[in-house]
Amino acid sequence: MPSIHPHDKFLALVQHPVKFRLFLMAKLPAAYFSGVRVKAITAQQSVVTVPYKWFSQNPFKSTYFACLAMAAEMSTGLLAMMHTYHSNPPVSMLVVELQANYYKKATAKTFFTCEDGSAIAAAIQQAVSSGQGVTIKVKATGTNPGGEPVADFFITWSFKAKLPTTNH
């Protein structure tokens, strides 16, 4: 019987309509209540959406920047989580920097796409093989339903393998 790759197990969890929403509610309640959802994910790319609705709006009749940031970060973080899922040794991950450029008011559902899955996987592999912390800056591009750019987020992730300590 062929074994199932950890990526496939992670994808099954993220794409499950109930399990992933329960995960969001338990671990990221702000994202859950804001309506942040996974639209699509592969080993290379993820697309995460955030709606423009009462719970995610600001006083200027657009989506609050923090809700946009949650969706952007999730589009990159899902790829990182997939490539660290059940890794041996385990790998810790942490956002260490965030930059954003805004181009247009987000007045409808915003789609954040990150296409840096291969680069994230390479950074994680480098952290595991070197035993050192590795950082990588990745991009999440937000567009409106018409495909117009709303914002670009640049998220710097740090990865470090949790190597076993040796007692001498």
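1. A pocket here is an open set of grid points, on a 1 Å grid over the protein atoms alone, where a 1.4 Å probe fits and protein lies on both sides within 12 Å along at least five of seven lines. The model under review is predicted. By that definition, the largest pocket holds about 260 Å³ of space. It is lined by 16 residues. V14, R21, R37, V38 and K39 are the closest of these to its centre.

2. Where does the lining of the largest pocket come from? Three elements each give at least two residues: α1 (6-15), α2 (19-27) and β1 (37-41). β1 has the largest share, with 5 residues. By class, the lining of the largest pocket splits into 8 nonpolar, 4 polar and 4 charged residues.

3. The second largest pocket has a volume of about 210 Å³. Its lining counts 13 residues, and L28, E73, M81, M93 and W157 are the closest to the centre. Two or more lining residues come from each of α2, α4 (65-84) and β3 (91-102). The top contributor is α4, with 5 residues.

4. α2 deserves a note of its own. This helix supplies at least two residues to the lining of the largest pocket. It also gives two or more to the lining of the second largest pocket.

5. Now α4 itself. Its 20 residues should span 28 Å at 1.5 Å a residue, and the end C-alpha atoms are 28 Å apart, so expectation and model agree. The helix still bends, by about 25° at S75. Is α4 enclosed or open to the outside? Buried means under 20% relative accessible area. On that cut-off, 15 of the 20 residues of α4 are buried, so the helix is largely enclosed by the rest of the structure. Just after α4, H86 has a positive phi of about 55°.

6. Next, the strands. β6 (residues 149-161) runs antiparallel to β3, and 11 bridges join the two.

7. What lies between β5 and β6? The two strands form a hairpin, with 5 residues between them. G147, in the turn, takes a positive phi of about 85°.

8. A general point for reading these strands: side chains in a regular strand alternate between the two faces of the sheet.

Notes
Residues numbered from 1 in each chain as written. Predicted model: local features only at pLDDT ≥ 70, side-chain atom pairs only at ≥ 80, totals over all residues. Heavy atoms only, no water. 1 Å grid on protein atoms, 1.4 Å probe; cavity = no way out; pocket = protein on both sides within 12 Å on 5 of 7 lines; lining within 4 Å. Points joined across faces, edges and corners; volume = space filled by probe spheres on them. Helix = DSSP H or I, 4+ residues; strand = E, 2+ residues; numbered from the N terminus. Nonpolar A, V, L, I, M, F, W, Y, C, P; charged D, E, K, R; others polar. Expected span 1.5 Å × (residues − 1). Bend = angle between axes of the 7 residues up to and from the residue. Buried < 20%, exposed > 50% of the residue type's maximum accessible area, 1.4 Å probe, protein only. Pairing = 2+ DSSP bridges.
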